[in-house]
Amino acid sequence: MDENKTIKRIHAFTNDALSDLDATGIAQRIQSKQVSVDEVVQAAIARAQLVNPSLNAIEIDCFERASKQNGYIKHGVFAGVPFFFKDNLDYLGLPSNHGSKAVNAKAAESNPQLSQQMLEQGFVVLGKSKLPEFGLNASTEYKNGTATVNPWHSDYSCGASSGGSAALVASGVVPIAHANDGGGSIRIPAACCGLIGLKPSRGRTYDSEAASSLPINIISEGVLTRSVRDTAHFFAGMESSYYNKALPRIGTIHGPSKRRLRIALVPQSITGHIDQETTQTLFETAKLLENLGHHVEELQLPISISFVNDFSEYWGMLSFLLSTFGKKIFGADFNPKELDNLTVGLSKLYKKNFYKTPLFIYRLKKMQQQYRELFHHYDVLLSPVLAHTTPKIGYLSPQLAFDELFERIQNYVTFTPIQNVVGAPGLSIPMGQTAVDALPISMQLSADVGDEKTLIELAYEIEEAQPWRRIQDAS
């Protein structure tokens, strides 16, 4: 852990069984018997104990259980690799409190299909990672003022909602961790923490119970990683456990394609707010892609500000349902008085406009056709992940008045919700850094529904041309 008071960087990389390898590299070392599963698991536990007091990224651990079970992990793409579930997905024996003091959950009595599909990859689960209340915020912060911090600089947000997982992967505690995305919750923390974050197409994995019950299923499941190959191998492994015949297969992708792509550069957010450093990184990324032989041209997305309003209403509807039916969803101990300002404010926003529900759902569903038509002319869209660089902790705090907080979120998170509504894949990759404090600045590659393969191949090519910065090397 870096104790420099100016840099405030937090990482656990050291010369242990994990070294600085990605998940694929660790799995290969285990398979070749260069290290044992026990050595790897104990190294991850030691790293967690070293940095989590500073990061505040772990909701609950099961270190003792992980130490006992590691000898039984023999199969799967990532057999023996340490892993965290996000605390909104059930894992046998641990509670799921969804980042909220209003929830007092009992330990899960079984693994749902989605958890089981992930466990089939061979992971050794060390515990649950933190998220903001119900995953609604774009920063992992809480009503009592605590926060999960960014390993690159502890004064800053780590993003959300998969913020705990992002902090644990970026700091080197584990090489890969569970994340899910209902409006940017894989891509946003990946962007803040300099990671690879792929939100897959709708239906690419088993759905969680919550996702399958929504009128528009906006939630996708995945992971946060430090390498493209880990992301590629994870989805190949998941596909071998469960394959949705409605989507093209991804397969195992080992590197870039020779195919040159038609790439649409999206330089403006729907709300019109985008800062200078983000814009500069966007155009530098476009130049890199042109130098690699791809055709890049600017595109004004044919999506109006009404989409922001419609998605906000949908978001509010989810908050209203969680708040109103919390005792039925989470159990009799659910206490709505403990909800934070964002959840309560979103719920009130929906109640004020509930009569619009059929109309905004209709308009959101129509978005898919409009979005997919773009791919008659382009293979990939290139945009920022976020409209401005990572804010300091407190800027998106649920202690703020709802109106101020909500306006800030809307102006920050404008590029990611579209893919959730239409069910398309979006991939966050780290492409630059801020002048002050050298925080990651990330770009989003997005494609047509079912076309994760093109995104992964392109990310491999970019990674080869411009390797990602490493937190342990950064100055």
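These legends describe close-up views of a predicted model.

Residue numbers start from 1 along each chain as its sequence is written. Local features need pLDDT of at least 70, side-chain atom pairs count only at pLDDT 80 or more, totals for chains, interfaces and linings use all residues, and side-chain values use heavy atoms, with hydrogens and water left out.

**View 1. The whole protein.** The protein has 16 helices and 13 strands. Both are DSSP runs numbered from the N terminus: helices are H or I with at least four residues, strands are E with at least two. The radius of gyration is 21 Å, close to the 23 Å that the globule rule gives for 475 residues, so the protein is as compact as a globular protein of that length. That radius is taken over C-alpha atoms, and the rule is 2.2 Å times the number of residues to the power 0.38. Along the principal axes, the C-alpha atoms fill a box of roughly 60 × 55 × 50 Å. Buried residues account for 62% of the 475 residues. Buried means under 20% relative accessible area, exposed means over 50%, and partly exposed lies in between (1.4 Å probe, protein chains only). Of contacts between residues at least 6 apart in sequence, 78% join residues at least 24 apart. A contact means heavy atoms within 4.5 Å.

**View 2. The sheet of 8 strands.** This open sheet has the order β6-β8-β7-β12-β13-β11-β9-β10, with mixed pairing. Two strands pair if DSSP finds at least two bridges between them. β6 (176–181) and β10 (295–298) stand at the edges with a single partner strand each, so one side of each has no neighbour in the sheet. Neighbouring strands are turned by 25° against each other on average, direction ignored. Inside the sheet, β7 (residues 196–199) and β12 (residues 426–433) pair in the antiparallel sense over 3 bridges. Gly-197 stands opposite Ser-428 in β12. Helix α8 (residues 228–241) lies across β6, β7 and β8 (220–225), at about 145° to β8. Axes are lines fitted to C-alpha atoms, for helices over the stretch in contact, and angles run from 0 to 180 degrees between N-to-C directions.

**View 3. The sheet of 3 strands.** The strand order in this open sheet is β1-β3-β2, and the pairing is mixed. β1 (58–61) and β2 (82–86) are the edge strands, each pairing on one side only. From one strand to the next, the twist averages 40°. β1 and β3 (residues 124–129) run antiparallel and are joined by 3 bridges. Ile-58 stands opposite Ser-129 in β3. Helix α2 (residues 37–55) lies across β1, β2 and β3, running at about 20° to β3. Helix α5 (residues 163–170) also packs on the sheet and touches β1, β2 and β3; its direction makes about 130° with that of β3.

**View 4. Helix α1 and its surroundings.** Which residues of α1 (residues 23–31) are buried? They are Ala-23, Thr-24, Gly-25, Ile-26, Ala-27 and Ile-30. These buried residues pack against α2, β6 and α8. Lys-33 follows α1 and has a positive phi, near 65°. In the segment before α1 lies Ser-19. Ser-19 is not a glycine, yet its phi is positive, near 50°.

**View 5. Helix α12.** The 13 residues of α12 (residues 341–353) should span 18 Å at 1.5 Å a residue, and the end C-alpha atoms are 18 Å apart, which agrees. The expected span is 1.5 Å times one less than the number of residues. Leu-342, Thr-343, Gly-345, Leu-346, Ser-347, Tyr-350 and Asn-353 are buried. Their cover includes α10 (306–324), α13 (357–373) and α14 (402–412). At the start of α12, a side-chain oxygen of Asp-340 comes to within 3.1 Å of the backbone nitrogen of Leu-342.

**View 6. Two loops with backbone exceptions.** Most residues other than glycine have a negative phi, and most peptide bonds are trans. A cis peptide bond joins Ala-160 and Ser-161, with omega about 10°. Ser-161 sits in the loop between β5 (153–157) and α5. Asp-437 lies in the loop between β12 and β13 (440–446). Its phi is positive, about 70°, although Asp-437 is not a glycine. With 25% relative accessibility, Asp-437 counts as partly exposed.

Definitions and conventions. Polar contact = N/O pair within 3.5 Å; in protein donor to acceptor, adjacent residues only side chain to side chain.
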